[in-house]
Amino acid sequence: MLPTTLVNSGSQGNGVLSRRDAARHTAGAKRYKYLRRLFHFRQMDFEFALWQMLYLFTSPQRVYRNFHYRKQTKDQWARDDPAFLVLLSIWLCVSTVGFGFVLDMGFFETIKLLLWVVFIDCVGVGLLIATLMWFISNKYLVKQQNRDYDVEWGYAFDVHLNAFYPLLVILHFIQLFFINYVIISDSVIGYFVGNTLWLIAIGYYIYVTFLGYSALPFLKNTAILLYPFALLIMLYLISLACGWNFSKMLCSFYKYRVK
């Protein structure tokens, strides 16, 4: 049985948290605790973070079930352990170096590519998407009868990281084995394989994002987050008909950015 009463241990007689305990549950206090743990690797649970990465591919629902347990035991939806972020950063560095090697980039070009992927593709886009989803979910998806609940910004960013990891593995690792010999070629099979990998990666991102917000019991109409699937499939079919090669365009863009 889950220890769901932990969050109320410092409550007063009327069930309201004391001023001291309430301060510990503010967004600023949670953020400070999270950032402080970034410098204490021994306090991070890397084994559990690896478990989450595995199940994001095989059973992402189980990952979000754990977020629900965290809310019951620690009174927050967002992660309080930065181990997942640290492992994602390491994987991002390794896969980007591999990408630079496959594209025959030099040392400094690879470093530039790494900085771009980390601070723009992952962090920059992640901050933008998380903020947008945080605003939309709190503005339009929260149930009327549960106005006291809201989506934590940290949770919105965690959902992005969860969805970004499978996309990263597909486009920055699995795709590497096909780029030089299949995808970059001007053949039909080239842009078919490349665009299909993009379809799977972005489709997975949409699906994991949907699971993240549908796991929150105080949100409604989360099925609308699946609507971009229709646009994604339409764009995929158009790309095949027109011969657009998204992977080849990405490689050309990366080479242009590191010059």
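1. Basis. This is a predicted model; local features need pLDDT of at least 70, side-chain atom pairs count only at pLDDT 80 or more, and totals for chains, interfaces and linings use all residues. Residues are numbered from 1 along each chain as its sequence is written, and side-chain values use heavy atoms, with hydrogens and water left out.

2. Overall fold. The protein has 11 helices and 0 strands. Helices (H or I, at least four residues) and strands (E, at least two) are DSSP runs, numbered from the N terminus. Of the 259 residues, 42% are buried (under 20% relative accessible area, 1.4 Å probe, protein chains only). Contact means heavy atoms within 4.5 Å. Among contacts with a separation of 6 or more, 73% join residues 24 or more positions apart.

3. Helix 5 with helix 7. Helix 5 covers residues 83-102 and helix 7 covers residues 153-172. They pack at an angle of about 20°, with axes 10 Å apart. Axes are lines fitted to C-alpha atoms, for helices over the stretch in contact, and angles run from 0 to 180 degrees between N-to-C directions. The pair is therefore roughly parallel (angles under 35 degrees; over 145 is roughly antiparallel). The contact divides into 12 nonpolar, 4 polar and no charged residues. Here Ala, Val, Leu, Ile, Met, Phe, Trp, Tyr, Cys and Pro count as nonpolar, Asp, Glu, Lys and Arg as charged, and the others, Gly among them, as polar.

4. Helix 7 itself. Helix 7 is mostly covered, with 18 of its 20 residues buried. At 1.5 Å a residue, helix 7 should span 28 Å (1.5 Å times one less than its number of residues). Its end C-alpha atoms are 27 Å apart, which agrees.

5. Helix 9 with helix 10. Helix 10 covers residues 228-242 and packs against helix 9 at about 175°, with the axes 10 Å apart. That makes the two roughly antiparallel. Helix 9 brings residues including Tyr191, Phe192 and Gly203, while helix 10 brings residues including Pro228, Phe229 and Tyr236. By class, this contact has 11 nonpolar, 4 polar and no charged residues.

6. Threonine 209. This residue lies in helix 9, residues 188-214. Threonine 209 is buried, with a relative accessible area of 11%. Leaving aside neighbours within four places in sequence, threonine 209 is in contact with Val159, Ala163 and Leu225.

Technical notes. Angles under 35 degrees count as roughly parallel, over 145 as roughly antiparallel, 65 to 115 as roughly perpendicular and the rest as oblique. Buried means under 20% relative accessible area, exposed over 50%, partly exposed in between (1.4 Å probe, protein chains only).
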